[in-house]
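Hi everyone, thanks for coming.

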Amino acid sequence: MHRADAAPSTGTDDERITAEIRTWVCSTPLRGLVAHFGGTWPDGDLTDVLRFLDDFSARHWDFRGGRERPDAREPDLDPATATLVLDAAAALGLIHAVPPARSAYAHLVVLGGLAHACVRRVAYAAHLLRAGLPVSGEVAVLGSFRPLSDWERRTLAEAGLPADETEVDVLDTAVRRVFEVAAPAEQDGVDAGHPHHSWSSRTYRPDGLPPIRVLAAPSSEPDQRRAHTADTQRFWAAHVRLAPGDKVLMVTAPIYVPFQHCDALRTLAVPYGCAIDTVGVDPTLTDLAVLPEQTLTPGRYLQEIRSAIRSMRALHAGLHPR
């Protein structure tokens, strides 16, 4: 993934990661978006550019305002702007799915999300395994105790799926259904009386496939927020004893690949010395049609371009502290 239209690639070499961050954030598509929304590209080094992009995107492309993604407002963009945004999102690696880069992995990690995305990502992981992708360690399905919204529960019900209560429940139900397993072979966890402090781990052992662990982590800041993706990744890494040189494949949706890939580099690749590939679910696969991907708007893509910028800024700051 050493292209101008892609997020930083695998590995832990600081100079290579830094160069790839620079290639992405200084690419022609992103410069064009900034100019279209009235920005003037800054002078200065990569730290300065990332600071500018974080501030600029907060003013122009943040439609969440601290809310969960389903609650973000949709901006009113004219047709020319909407087309420019979609073209830029495609060039920056947020639209089109790509296959795994390697022929085998130590671990396959499925990232949670909204309910329909949880079901689709688990199904895509099963597709990769049944298509013959070797995984020598485990499949980790990472979620949280985030309560589902009414919209998510309706989406599940309309597809004939159980209307679970939390994100990790949806992931667990999807694992049982897709991998045809009835009960976990091992389970562990702590119910601390509050989801920010609690954790759970359930491991299934389907015939002929690697073990599948469904994991929800406690928050690293329980007094402030629920566990986020980085919390769960670190929690999983400690459980699985992630080792230097391990090759890890992350599965998410294409729109989240740049930002979640950089988060994984920061939380897993750099501290543990492992290699990370991140892929999005292929929307053309018919076996995922039980819950088709939701229509993604230009506003959603702008929001996740901002997420990628913020993730790259955090990754760069970790590599080059001041």
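Glu180 sits in the loop between helix 7 and strand 3; helices here are DSSP runs of H or I with at least four residues, strands are runs of E with at least two, and both are numbered from the N terminus. Before we go on, two notes on where this comes from. This is a predicted model, where local features need pLDDT of at least 70 and side-chain atom pairs count only at pLDDT 80 or more, while totals for chains, interfaces and linings use all residues. Residues are numbered from 1 along each chain as its sequence is written, and side-chain values use heavy atoms, with hydrogens and water left out.

Is Glu180 buried or exposed? With a relative accessibility of 69%, Glu180 counts as exposed. The words have cut-offs: buried is under 20% relative accessible area, exposed is over 50%, and partly exposed is in between, using a 1.4 Å probe and protein chains only. Glu180 also has a positive phi of about 55°, although it is not a glycine.

Now look at Phe179, in that loop between helix 7 and strand 3. Phe179 is buried, at 5% relative accessibility. What does Phe179 touch, leaving aside neighbours within four places in sequence? Its contacts include Val122, Ala126, Leu129, Pro206 and Ile212; contact here means heavy atoms within 4.5 Å. Phe179 and Ala123 are 56 residues apart in sequence, yet their C-alpha atoms are 8.7 Å apart in space.

Let's walk back to helix 7, which covers residues 167-178. Glu167 belongs to this helix. Glu167 is buried, and its relative accessible area is 7%. If we skip the neighbours within four places in sequence, Glu167 is in contact with several residues, among them Gly112, Cys118, Leu142, Ser144 and Arg146.

Next, please find helix 6, residues 150-158. Which residues are buried in helix 6? They are Glu152, Thr155 and Leu156. These three cover an arc of only 95° around the axis, so they lie on the same side of helix 6; the arc is that of the directions from the helix axis to the C-beta atoms. The buried residues of helix 6 pack against helix 5, residues 115-130, and helix 7. Just after helix 6 comes Gly160, with a positive phi of about 75°.

Arg241 has a positive phi of about 60° although it is not a glycine. Arg241 is exposed, at 73% relative accessible area.

On to helix 10, residues 298-319, where you will find Arg313. Arg313 is partly exposed, at 29% relative accessibility. Its contacts, leaving aside neighbours within four places in sequence, are Leu50, Arg51 and Asp54. Gly318 is in helix 10 too, and Gly318 is exposed, with a relative accessible area of 56%. From Gly318 to Asp169 the C-alpha distance is 33 Å, and the two are 149 residues apart in sequence.

One more loop, between helix 2 (28-36) and helix 3 (46-60), holds Gly39. Gly39 is buried, with a relative accessible area of 16%. Not counting residues up to four places away in sequence, Gly39 touches Val34 and Phe56.

Finally, let's zoom out. How many helices and strands are there in the protein chain? There are ten helices and seven strands. The radius of gyration is 19 Å, close to the 20 Å that the globule rule gives for 322 residues, so the protein chain is as compact as a globular protein of that length. That radius is taken over C-alpha atoms, and the rule is 2.2 Å times the number of residues to the power 0.38. Buried residues make up 52% of the 322 residues. Among contacts between residues at least 6 apart in sequence, 70% join residues at least 24 apart.
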